[in-house]
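Here are my notes on this model, as numbered points. Please read them with the structure open.

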Amino acid sequence: MNPDRFHLTLTSASQVVMHGWWPVEATARGMLPVWVGSWGTLPDARMTLVDEETGTVLTEWPEPS
């Protein structure tokens, strides 16, 4: 199990504000609503969850339009 596989990034005004890494996708996905609730009001806040092993973007908030 890769402890750095699922990478959640928070950006605000195009600047990286915070990172988090988890070995389990469900745990990383569970952090997304926590981050949205805590930091979703930052200017131009965006959160992206990536599977670092495959390079796949798993989810984004807000969803791309």
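1. Start with the loop between α1 and β3, where Asp-44 sits. The model is a predicted one. Asp-44 has a positive phi of about 55°, although it is not a glycine. Most residues other than glycine have a negative phi. Is Asp-44 buried or exposed? Asp-44 is exposed, because its relative accessible area is 64% and the cut-off for exposed is over 50%.

2. Ala-13 is another residue to check. Its phi is near 50°, again a positive value in a residue other than glycine. Ala-13 lies in the loop between β1 and β2 (15-22). Ala-13 has a relative accessible area of 40%, so it counts as partly exposed.

3. Ser-12 comes next. This residue belongs to strand β1. Its relative accessible area is 10%, so Ser-12 is buried; the cut-off for buried is under 20%. What does the side chain of Ser-12 reach? It reaches the backbone oxygen of Pro-43, at 2.8 Å. Leaving aside neighbours within four places in sequence, Ser-12 is in contact with Val-17, Leu-42, Pro-43, Asp-44 and Ala-45.

4. Look at the peptide bond between Trp-61 and Pro-62. This bond is cis, with omega about -10°. Most peptide bonds are trans. Pro-62 is placed in the segment after β4 (56-61).

5. Now the overall layout. The chain has one helix and four strands. From the N terminus on, the order is β-β-α-β-β. Of the contacts with a separation of 6 or more, 39% are between residues 24 or more positions apart.

6. How does the helix α1 fit in? Its 15 residues should span 21 Å at 1.5 Å a residue; the end C-alpha atoms are 21 Å apart, so the two values agree. Which residues of α1 are buried? They are Ala-28, Leu-32 and Trp-35. The buried residues of α1 pack against β1, β2, β3 and β4.

7. The largest nonpolar core has ten residues. They are Phe-6, Leu-8, Leu-10, Trp-22, Ala-28, Leu-32, Trp-35, Ala-45, Met-47 and Leu-49. Which elements give two or more residues to this core? They are β1 (6-12), α1 (25-39) and β3 (46-51).

8. Not counting residues up to four places away in sequence, Phe-6 touches Gly-20, Trp-21, Trp-22, Pro-23, Val-24, Glu-25, Ala-28, Leu-49, Val-50, Asp-51 and Leu-58.

9. Last, the whole chain. With 65 residues, a compact globule would have a radius of gyration near 11 Å; the chain has 11 Å, so it agrees with that value. The C-alpha trace spans about 35 × 20 × 20 Å along its principal axes. Buried residues make up 29% of the 65 residues. The accessible surface comes to about 4,100 Å², and 54% of that belongs to carbon and sulfur atoms.

Terms used. Residues are numbered from 1 along each chain as its sequence is written. This is a predicted model: local features need pLDDT of at least 70, side-chain atom pairs count only at pLDDT 80 or more; totals for chains, interfaces and linings use all residues. Side-chain values use heavy atoms; hydrogens and water are left out. A nonpolar core is a set of buried Ala, Val, Leu, Ile, Met, Phe, Trp, Tyr and Cys residues joined through side-chain atoms within 4.5 Å. Buried means under 20% relative accessible area, exposed over 50%, partly exposed in between (1.4 Å probe, protein chains only). Contact means heavy atoms within 4.5 Å. The expected span of a helix is 1.5 Å times one less than its number of residues. The radius of gyration is taken over C-alpha atoms; the globule rule is 2.2 Å times the number of residues to the power 0.38. Accessible areas come from the Shrake-Rupley method with a 1.4 Å probe; for residues, only the protein chains shown count as cover. A polar contact is a pair of N or O atoms within 3.5 Å; within protein, one must be able to donate a hydrogen and the other to accept it, and residues adjacent in sequence count only if both atoms are side-chain atoms.
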